[in-house]
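Hi,

Here is the structure I promised to pass on.

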Amino acid sequence: MATMKVAPKAEVAVMKVAQISQPHGDFEIVEREVPAPGPGQVRIKVQACGVCHSDVLTKDGLWPGIQYPRIPGHEVAGIIDEIGSAVTAWKTGQRVGVGWHGGHDNTCRQCRRGDFRNCENLKIPGISYDGGYQQYMIAPEDALAPIPDSLKDAEAAPLLCAGITTYNALRHSGALPGDLVAIQGIGGLGHLGVQFASKFGYNVAAVGRGAETEFLARKLGASVYIDGEKSNPAQELQKLGGAQVILATAPSSKAMSALIDGLGPNGKFVVIGVTFDPIEVTPLQLITGSKNIQGWATGSAADEEDTLHFAALSGVRPMIEIYPFEKAGEAYARMMSGKAQFRVVLTM
Ligand SMILES: [Zn+2]
Ligand SMILES: [Zn+2]
C-alpha cells in the first residue's frame, strides 16, 4: 500500500504588537505574523522602545499621508535575529538601535551630497513603516546603529532620539570647551543636554523652573542654575557674560523668545523643542552682536552610533521610567502628562 507523506502544517510564528488603527485611536495589543526581512533589511527582536512625544504624530494622525494600522516607536533597541539578502555589514545576534532616521534613498540631491539627515525621502520608523512597539521589527540596514555592550537596552533606547538630538545639536553648535552654554528646560531632552554639555567641557547653565530642579540640574553637571520662576534668565546669562550657545529644549515659544537676549556676541540660539507658535525676535536683537537662531533635527544612523559611543564612554545616561510593552497605552499617557522623570521606555 502506498503511503503518502503529509508535510506537517507549517507553524506560523506570531508576535504581539501595539498598534493604532486610526487617528486618535487607542493602543491595541494584537497578534500578527512575525515578518521576514526583505533584501537590504534585518529583523530585530525588540528589547526596549522609548516613548517619545513625537509618537503623537502617529497616535493622532498628524503626519501627512500616514497609513493605518500603524505601530509607533522610533527609539528602538534590540538584537538582530534574521538578516535579509544582500545584507553584509550586519549579523544575527548583534545588538542594534533604530532612531528617528529610519532610512534614506541614497539618490536625492541631499543624499548625493552626503547629507543623509536631510534626505528628501527620509523614512521614519513608526510613521513610514511599523516601529518599535512590537516584539519583532523590520528595519533597513542603513537605519541601524550598533549598541555598545556597556549600555543597557532601556538606556540606549532614549539616546536614539532625545539623546542624539541634544548631542548632535551641541556638537555642531560651535561652542568650545569652557564656553558658557545654557540648556533651557530640564526635561526629557534637557536632562540629557545638561549631561552632554557638561561632558563636552562647557560651562553649563541650566535654565529650569522651580527651586527643586536645582539639585538635579547640578547633579547632572550644571555649574549654574537659573530659576526662571524667580529671575529673568536672559539677564542672569548676561551677568555671566552672555551665552555662546543656548539650547532651547522646552516646548514654549514664549520662553524661547524671552531667552534670546541671554546670548553673548556671535552667540547661537539652537531650537530643538517642538512647538507650533512663532518665536518672537526683532532684527535689532539679532543684528546687535551678530546673533544666530538655528533649528536642529536629530541625525543619521552614524550620528546615533556616535551618540551611543560617547554615552558609553562618558557615563551619560537617560533617567527612565520603564513600562511593560503590553501597557503601551498607560506608558504613552504618562509621557503625555509631562510628569515622567524623564523618559518613558517600554520593555518587551
Ligand atoms: Zn523622538
Ligand atoms: Zn535622499
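This is a predicted model: local features need pLDDT of at least 70, side-chain atom pairs count only at pLDDT 80 or more; totals for chains, interfaces and linings use all residues.

Let's start with the zinc ion (ligand 1). Cys-52 (SG), His-74 (NE2) and Cys-161 (SG) coordinate this ion at 2.0 to 2.2 Å, and along the chain the spacing of its donors reads C-x21-H-x86-C. His-74 sits in the loop between α1 (56–59) and β4 (76–83), while Cys-161 belongs to helix α3 (residues 153–171), so this pair ties together parts 87 residues apart in sequence. His-74 and Cys-161 are both buried.

The zinc ion (ligand 2) has Asp-105 (OD), Cys-108 (SG), Cys-111 (SG) and Cys-119 (SG) as its protein donors, 2.0 to 2.3 Å away. Its site is tetrahedral, with angles of 99 to 118° among the four donor atoms. Here the donor spacing along the chain is D-x2-C-x2-C-x7-C.

Is Phe-310 buried or exposed? Its relative accessible area is 19%, and the cut-off for buried is under 20%, so Phe-310 counts as buried. Leaving aside residues up to four places away in sequence, Phe-310 touches Tyr-167, Phe-196, Lys-199, Phe-200 and Gly-315. Leu-286, by contrast, is 24 residues from Phe-310 in sequence and 33 Å from it in space, C-alpha to C-alpha.

Cheers

Definitions and conventions. Residues are numbered from 1 along each chain as its sequence is written. Chains are lettered from A and ligands numbered from 1 in the order in which they are written. Side-chain values use heavy atoms; hydrogens and water are left out. Donors are N, O and S atoms within 2.8 Å of the metal (3.2 Å for Na, K and Ca); water is not among the atoms, so sites may look incomplete. Helices (H or I, at least four residues) and strands (E, at least two) are DSSP runs, numbered from the N terminus. Buried means under 20% relative accessible area, exposed over 50%, partly exposed in between (1.4 Å probe, protein chains only). Contact means heavy atoms within 4.5 Å. Four donors count as tetrahedral if all angles lie between 85 and 135 degrees; four count as square planar and six as octahedral if opposite donors are over 155 degrees apart and all others between 65 and 115; anything else is irregular.
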